[in-house]
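Please look over the structure shown here before reading on.

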Amino acid sequence: MTIVVNIKRIWEVYSAVRALGGRATSRRIAEILGVSERTVQRYLKILLENEYVEAIRVGMRIYYRVVKPLTEEEAKRLVVRGGRADAPVYQLARSINDIIKEGGFHADLIGAAKIHLLVPTHSRITHDVDVIVAREHTSMLVASLKYGLGLIPEKSGGVHADHRFRHPVEDIKINVIIDGFKEEGVVVWNLAPILRRGGGLTLEHAVIAKLTRRSFDERTDAYDVAVSLPHLNIDRFIGIYMGLRKENPTLATRVPRHLELVGQYVLREYTGVDLEIISRSLQKVKERIEYMEKSRRT
């Protein structure tokens, strides 16, 4: 059964634990809040699973105390996820995102991690976190990942990454890509100007990045695109696509071709209302691309 998480209630339970300073029991919290002890225990379970509080047994009693701060944004995330802890790879992605924002780096997440943070229904687990960074901020970001998050540098950046890290415990790779996407060592889509303007990369950038992959996967990449389609700003998507069309026409030609593969994936994997919504969104994107291409030729 799915638990409906109330942001006001989870915040109240967390605040009561903090206020009671290590002497919080579920009964005492229930008395303070004027709710049932069962309700309190339900929200304590969520806070425990996500490691915001810990339980301490003293004799026959269990006390709770705060072990890390819960912000309003983090409380909202718990509500969106129905109280479930996110996968380690996406917890790490959020930490990297926080470091980028705190450091003011000209950098941003891209790929599945970016899509996951922006699309509530995205559930595919990846094992990579991709980051694009402008050249001038690379050394500072690399140092922050190494010393701030304790990530371990790999000897080789790999085929597509300029720097690669691994998580010390989890099976997670972190790819740091300088300026933009590369093929055969040459930048084929330069995203550094966008990062320097401070606006960051959008869901539309992440989806187009998927659609321009030479090794587009008809299952994993197609899923990432499909689940994103209802959330796209189509005008923004087309604007980014046309900009890429000018910068690298060859790369842009992959987008319509891979959208056809996404359509085939959607027909295989979705039914009912989900199929209708995603198919309608896909058709709108394809029609706008066709219209823009015809306009260019006339």
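Predicted model: local features only at pLDDT ≥ 70, side-chain atom pairs only at ≥ 80, totals over all residues.

Residues are numbered from 1 along each chain as its sequence is written, and side-chain values use heavy atoms, with hydrogens and water left out. Helices (H or I, at least four residues) and strands (E, at least two) are DSSP runs, numbered from the N terminus.

- Most residues other than glycine have a negative phi.
- Glutamate 51, which is not a glycine, has a positive phi of about 65 degrees; glutamate 51 sits in the loop between α3 (37–49) and β1 (53–58), and is exposed, with a relative accessible area of 55% (exposed means over 50% relative accessible area, buried under 20% and partly exposed in between, with a 1.4 Å probe and protein chains only).
- Aspartate 179, also not a glycine, has a positive phi of about 75 degrees and belongs to the loop between β7 (173–178) and β8 (180–183), where aspartate 179 counts as buried at 11% relative accessibility.

- Lysine 182 has valine 187 of β9 as its bridge partner.
- Two residues lie between β8 and β9 in this hairpin, and glutamate 184 in the turn has a positive phi of about 50 degrees.

- In helix α7 (residues 138–148) the buried residues are Thr138, Leu141, Val142, Ser144 and Leu145.
- These residues are on the same side of α7 because they cover an arc of only 160 degrees around the axis, the arc being that of the directions from the helix axis to the C-beta atoms.
- Ser139, Tyr147 and Gly148 are exposed on the face of α7 turned away from its buried side.
- The cover over the buried residues of α7 includes α5 (88–103), β3 (107–110), β4 (128–133), β6 (163–166) and β7, with contact meaning heavy atoms within 4.5 Å.

**Helices α9 and α10**

- The axes of helix α9 (residues 203–211) and helix α10 (residues 220–228) come within 10 Å and cross at roughly 150 degrees; axes are lines fitted to C-alpha atoms, for helices over the stretch in contact, and angles run from 0 to 180 degrees between N-to-C directions.
- α9 and α10 are therefore roughly antiparallel to each other, since angles under 35 degrees count as roughly parallel, over 145 as roughly antiparallel, 65 to 115 as roughly perpendicular and the rest as oblique.
- The contact is made by Leu203, Val207, Lys210 and Leu211 of α9 together with Asp221, Asp224, Val225 and Ser228 of α10.

Note on methods: Pairing = 2+ DSSP bridges.
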